[in-house]
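Open the model in a viewer and keep the selection panel at hand. The stops below say what to select next and what is there.

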Amino acid sequence: MRIAVTGSIATDHLMTFPGRFSDQLVADQLHTVSLSFLVDQLDVRRGGVGANIAFGMGQLGTRPVLVGAAGPDFDEYRAWLDRHGVDTDSVRISETLHTARFVCTTDADHNQIGSFYTGAMSEARLIELKTVADRVGGLDLVLIGADDPEAMLRHTEECRTREIPFAADFSQQIARMDGDEIRILLDGATYLFSNEYEKGLIESKTGWSDTEILSRVGHRVTTLGSRGVRIERAGQEPVEVGCPDEDRKVDPTGVGDAFRAGFLSGLAWGVCLERSAQVGCMLATLVIETVGTQEYQLRRAHFMERFTKAYGDEAADEVHAHLA
């Protein structure tokens, strides 16, 4: 099963200021703020939902096709993804814009000042999925993740026109989308991904009830935080899967992306929905135990040991046949 993952490609530049922003602000001079903070630490992390999901799938051996836009500064990031099993040949490289970037400074009280530069991400709307499909010999599923909003709409319409199954995953972009856009993006999706809060927001913005949305999508996949995930289909009993025990909780960033990577890998292997969700939950647990969205290591023996403990021998035997 050939899966393309569309979505943002970005780097995060995270800095730490040992003082407090509030100590540097003068109340009657806020209209002319001009400040520079000498920071103690800079942490540069690879990110972007498209790249995060593709990285996880690559770790599981399913060779996803990453579709997105980056800048001429993408070479090192590309090499990292290539080395971890991601097909990056369909990433568009802008001639004029840098890769999207989040720059953030955090003070001693955990207050943050940040900026997000969209950069080359805006050119994702220029990518034709037909070109991608022709290069790889066809696509069985396209995940349409958070990206340039116009790109998300165009990819969705192209999937419908070319009858390519697609998964809708609005993620961070749901906040800026209106009801009409959300209705376009989810109608006819084979899978609709969201967390619990986003689920309610989708229903509120579209004006569609849960039942109406289920009638318009094949599967509704709702992540439930520490309680795992629920998968619903119209007229059928939901599938619910819990999370494995965590060794520690370090950083929740990228956990949702990791779940999607594991779930989509299960689909690529051809295992059932329950098993796919279990793989997703196990991969998400590895991410929450690690700082950074792509810094975890998938050691197969360790993965299977914990997967067996969480879900039993029968489930483990089925997954091990593909993971090995």
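Select helix H2, residues 49–59. Val-49, Gly-50, Ala-51, Asn-52, Ile-53, Ala-54, Phe-55, Gly-56, Met-57, Gly-58 and Gln-59 are buried in H2. Buried means under 20% relative accessible area, exposed means over 50%, and partly exposed lies in between, with a 1.4 Å probe and protein chains only. Eleven of the eleven residues of H2 are buried, so the helix is largely enclosed by the rest of the structure. Helices (H or I, at least four residues) and strands (E, at least two) are DSSP runs numbered from the N terminus.

This is a predicted model, in which local features need pLDDT of at least 70 and side-chain atom pairs count only at pLDDT 80 or more, while totals for chains, interfaces and linings use all residues. Residues are numbered from 1 along each chain as its sequence is written, and side-chain values use heavy atoms, with hydrogens and water left out.

**After H2**

Move on to Gly-61, which follows H2 and has a positive phi near 85°. Next select Arg-63, in the loop between H2 and strand S4 (65–70). Arg-63 is not a glycine, yet its phi is positive, about 50°. Most residues other than glycine have a negative phi. Arg-63 counts as partly exposed because its relative accessibility is 40%.

Select Ser-171, in the loop between S9 and H6. Its phi is also a positive value in a residue other than glycine, near 50°. Is Ser-171 buried or exposed? At 16% relative accessibility, Ser-171 counts as buried.

**Salt bridges**

Here a salt bridge is a side-chain nitrogen of Lys or Arg within 4 Å of a carboxyl oxygen of Asp or Glu. By this rule the count comes to 24 salt bridges. Side chains of opposite charge can pair when their charged atoms come close.

Start with Glu-158 and Arg-162, whose side chains meet in a salt bridge at 2.8 Å, N to O. Both residues lie in helix H5 (residues 149–162), four residues apart, about one turn of the helix. An α-helix has 3.6 residues a turn, so residues three or four places apart point the same way. Glu-158 is buried, with a relative accessible area of 9%, whereas Arg-162 counts as partly exposed at 38% relative accessibility.

Then select Arg-260 and Asp-169, a salt bridge in which the closest N and O atoms are 2.7 Å apart. This pair links distant parts of the chain, 91 residues apart: Arg-260 is in helix H9, and Asp-169 is in the loop between strand S9 (166–168) and helix H6 (179–186). Both Arg-260 and Asp-169 are buried.

The next pair is Arg-275 and Glu-318, with the closest N and O atoms of their salt bridge 3.1 Å apart. It also links distant parts of the chain, with Arg-275 in helix H10 and Glu-318 in helix H12, 43 residues apart. Arg-275 is buried, with a relative accessible area of 9%, and Glu-318 counts as partly exposed at 30% relative accessibility. Now select Lys-199, Glu-203, Asp-210 and Arg-220 together: salt bridges that share partners join them into one network.

Show helix H11 (residues 300–311) with helix H12 (residues 313–323); they pack at an angle of about 155°, with their axes 8 Å apart. Axes are lines fitted to C-alpha atoms, for helices over the stretch in contact, and angles run from 0 to 180 degrees between N-to-C directions. H11 and H12 are therefore roughly antiparallel to each other. Angles under 35 degrees count as roughly parallel, over 145 as roughly antiparallel, 65 to 115 as roughly perpendicular and the rest as oblique.

**Gly-254**

Select Gly-254, in the loop between strand S13 (239–241) and helix H9 (255–269). Gly-254 is buried, with a relative accessible area of 15%. Pro-238 is 16 residues from Gly-254 along the chain, and their C-alpha atoms are separated by 25 Å.

**Last stop**

Finish with Leu-35, in the loop between helix H1 (21–24) and strand S3 (41–47). Leu-35 counts as partly exposed, at 42% relative accessibility.
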